[in-house]
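Dear colleague,

I am passing this structure on to you, and I would be glad if you could look through it alongside the notes that follow.

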Amino acid sequence: MTAFSLEPAQLTWCDELRALAAARLRPLAEQGEPGRVNRPLLAELGSAGLLPRLFTSGALDLCLMRESLAHACTEAETALALQGLGAHPVHAHGTESQRARWLPRVSDGTAVAAFALSEPDAGSDAAALSLRAEPEAGPGAGASAWRLTGEKCWISNAPEADFYTVFARTTPGAGARGVTAFLVPADRPGLTGTPLDMLSPHPIGALTFDGVPVDADDVLGEPDRGFRVAMDTLNLFRPSVGAFAVGMAQAALDATLAHTIAREAFGGRLRDLQTVAHQVAEMALRTEAARLMVYAAATAYDAGDPDVPRRAAMAKLLATETAQYVVDHAVQLHGARALRRGHLLEHLYREVRAPRVYEGASEVQRGIVAKELYRTYQPSRTDATSKEAGA
């Protein structure tokens, strides 16, 4: 059932998360170095009990965590989310041994996880990956050991992660059916990485695989079924990317309300100008619409509804595009002060751009929505009658 409102206990929890982020997490975030993994921040997320909830919560709770943290501290939100993105395949598809080795360390913040899907020429298209997983005993030998050769790019937490969920091609020419997911510790021989200087402040890097050894014990799920691992992870995290965006939009809206109430201009307050008031109303309208779609997609995921891919894509698309709109208009209403380094909106303006690209760009989400609509379309009796009448 679609969630149109939250229970009082959920609202209280969100308030507590925002307070926690402001009091305990933001100071640690401010001490971190942009583009580097902030391990003290991760440790605090673990001690606060938030990282363990990545593996015990449903999609809606994940969205509430991401939205609430993003409202007060985007760095804490992103650190939490990247741990979940990198470790969810281990939690959902790993062996008992894999889970026992890595999930407790992810939960307490001592191990950094990363989701290594994107490639220089394939982006996030899992069916077009070219990182090769070649049988160590030679083609056709049926060996359960491989060597990974190729590159990954735009990988969050690289090259500082302690392990990577890596998607590689085990069967050439098989498209999505020939991809396998591997759990690759960062200390494997032949694995190197380089940090990338990006607009958003969280760590992103490129990885080079020069014959990195992996075997059956490193497989997540089944050989040649890695596409399912990737899509299962993205279907969960795409709505929560939308929640991240909603949290940023709400922070920008709140800042705009405070500013337009206090700012004197043209003989009155900014809020008294109809053009300003209408713009603020539009920002609020779009933020709430995006929030409801995110909650609906998360609830559908938790209920096991069959239309999760479409709902997840819609939620990410609408929420990230909305956040871009709201933050941009918040900057406009604040004027030059919002462009000064260190201002909340200057920070949000840099942060809000990346979610429209990662985990599938907006154009990819539109493609998913259209594909799912056509795949599930069933002509109604009215459609059939109209067609006969037209004939």
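The largest cavity has a volume of about 30 Å³, and the structure holds one cavity of 30 Å³ or more. Here a cavity is a set of points, on a 1 Å grid over the protein atoms alone, where a 1.4 Å probe fits but cannot get out, and lining residues have an atom within 4 Å of a point; grid points are joined across faces, edges and corners, and a volume is the space filled by probe spheres set on the points. The lining of the largest cavity is made up of Thr78, Ser200, His202, Phe244, Glu351, Ala354, Pro355 and Tyr358. By class, that lining divides into four nonpolar, three polar and one charged residue, where Ala, Val, Leu, Ile, Met, Phe, Trp, Tyr, Cys and Pro count as nonpolar, Asp, Glu, Lys and Arg as charged, and the others, Gly among them, as polar.

Please keep in mind that this is a predicted model, in which local features need pLDDT of at least 70 and side-chain atom pairs count only at pLDDT 80 or more, while totals for chains, interfaces and linings use all residues. Residues are numbered from 1 along each chain as its sequence is written, and side-chain values use heavy atoms, with hydrogens and water left out.

UniProt, in an unreviewed entry, places the feature "domain: Acyl-CoA dehydrogenase/oxidase N-terminal" at residues 10-109; its positions are given in the numbering used here, feature names are shortened, and annotations may be inferred rather than shown by experiment. The span 10-109 is 78% helix and 0% strand, with its end C-alpha atoms 25 Å apart; helices (H or I, at least four residues) and strands (E, at least two) are DSSP runs, numbered from the N terminus. Helix 4 (residues 74-93) and helix 5 (residues 96-108) have axes that come within 10 Å and cross at roughly 155 degrees, the axes being lines fitted to C-alpha atoms, for helices over the stretch in contact, and the angles running from 0 to 180 degrees between N-to-C directions. Helix 4 is therefore roughly antiparallel to helix 5, given that angles under 35 degrees count as roughly parallel, over 145 as roughly antiparallel, 65 to 115 as roughly perpendicular and the rest as oblique.

Helix 6 (residues 226-262) packs against helix 8 (residues 308-334) at an angle of about 20 degrees, with the axes 8 Å apart, so helix 6 is roughly parallel to helix 8. The contact of helix 6 with helix 8 has 19 nonpolar, six polar and two charged residues. The axes of helix 8 and helix 9 (residues 344-351) come within 10 Å and cross at roughly 150 degrees, which means that helix 8 is roughly antiparallel to helix 9.

Two points concern the backbone. A cis peptide bond, with omega about 0 degrees, joins Ala158 and Pro159, and Pro159 is found in the loop between strand 3 (145-156) and strand 4 (163-169). Trp154, which lies in strand 3, has a positive phi of about 60 degrees although it is not a glycine.

With best wishes

Terms used:
On a 1 Å grid over the protein atoms alone, a cavity is a set of points where a 1.4 Å probe fits but cannot get out, and a pocket is an open set with protein on both sides within 12 Å along at least five of seven lines; lining residues have an atom within 4 Å of a point.
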